[in-house]
Amino acid sequence: MPLYHSLGSIPPKRHTQFRKPDGSLYAEELVSTEGFSSLYSLVYHAYPPTIVKTLGEPYSVEPKIAREKHLKHTSLIGFNVQPEDDYLQSRKPVLVNSDLHISLAAPRQSMTDYFYKNSQADEVVFIHEGTGTLKTGFGNIKFQYGDYLVIPRGTIYQMEFDGTANRLFIIESFSPIRPPKRYRNQYGQLMEHSPYCERDIKRPADLKTYDEHGDFKILIKKQGLIYPYIYGTHPFDFIGWDGFHYPWALSIHDFEPITGRLHQPPPVHQTFEGNNFVICSFVPRKFDYHPLSIPAPYNHSNVDSDEVLYYVDGDFMSRKSVVKGQITLHPGGIPHGPHPGSVEKSIGKESTDELAVMIDPFRPLMLTEDAIKIEDENYYKSWQY
Ligand SMILES: [Fe+2]
């Protein structure tokens, strides 16, 4: 996040002697991104973060592609993904390309006997159902319905859920996730016309130092494989840290909609961006107020991008029948638009309570075997009168 933050104890000058009460040195670590050219933080550990005890056998979690090329409006019933106890096993990649992987998950249990580190992608974990705490060495972030957790690559974390009924919509991005550039001034500050500002950003808090030796399993994801590592010290042994590289969160409920006299185009809903895709939030808002306005969207041809909508809550005005957790994929190359009847129905309406997350990837998405299992095969015919 382009916002400086610091927790715990750090020395007044970087790269200088910083000693424990017993006179030995703390271990400094630079966590940097895009080489040394982008956001970074300096972390002070109780012990060096390099004490590997053993390595396990790596195993593949690569998405299995079922439909590489297609040109069909597709719908997936997301809540048909079955709950599973384990967080990592519960994650089912459904739509993937070389820029991002989109997964659904319904984990029942907190991570207690291992830690997880995604070394290949930033993660955006959208909390559809459930509450809990994202635990990291940088500190903790409490989460609830509507939160986007943004976890930069390389962050070791655990998900602690308060209950067993959890539904997550997860985006893995192979480029850094960031607020849209047009909403930031030359110093990185979010500008007045941005739909959210720094006050809405939840940063880690409650840093607790785990000064512990033992066997600590970290499952590290890299190039589609999970590498089981056993480290000799607790990964959350941070004494303190400072910088711009850390996990953070934004609630979709804090995204302030931009409205107008006429139908506003999708970019007003943009919340985050990565390379070759954007993430948007459709939130409850007043409808267009021109006396002849049509609140429902016009038909549109996505010539250059696919369009994924994940329906979260409310009555989605342009669709005939959608259910919570449903995903629609409207591929680039053919038009799509409101369902029959929804244009007339929208006229005169003053507001909508729809809540949805949209992803527009500029490269085509492939469907996985897990996606095919939850597909509504007749969706492409749903515009027939
Ligand atoms: Fe659309």
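Modeller: A polar contact is a pair of N or O atoms within 3.5 Å; within protein, one must be able to donate a hydrogen and the other to accept it, and residues adjacent in sequence count only if both atoms are side-chain atoms. This is a predicted model, in which local features need pLDDT of at least 70, side-chain atom pairs count only at pLDDT 80 or more, and totals for chains, interfaces and linings use all residues. Residues are numbered from 1 along each chain as its sequence is written, and side-chain values use heavy atoms, with hydrogens and water left out.

Biologist: Which side chains are joined by a polar contact of 2.8 Å?

Modeller: The side chains of Asp147 and Lys202 are joined in this way.

Biologist: Is Asp147 buried or exposed?

Modeller: Buried means under 20% relative accessible area, exposed over 50%, and partly exposed in between (1.4 Å probe, protein chains only). Asp147 counts as buried because its relative accessibility is 0%. By contrast, Phe244 counts as partly exposed, at 31%. Of the 385 residues in the protein, 52% are buried.

Biologist: Which residues does Asp147 touch?

Modeller: Contact means heavy atoms within 4.5 Å. Leaving aside residues up to four places away in sequence, Asp147 touches Val125, Phe126, Ile127, Lys142, Lys202, Leu250 and Ser251.

Biologist: Where does Asp147 lie among the strands?

Modeller: Strands (E, at least two residues) and helices (H or I, at least four) are DSSP runs, numbered from the N terminus. Asp147 lies in strand 14, residues 147–151, while Phe244 is found in the loop between strand 19 (238–243) and strand 20 (248–251). The protein has three helices and 30 strands.
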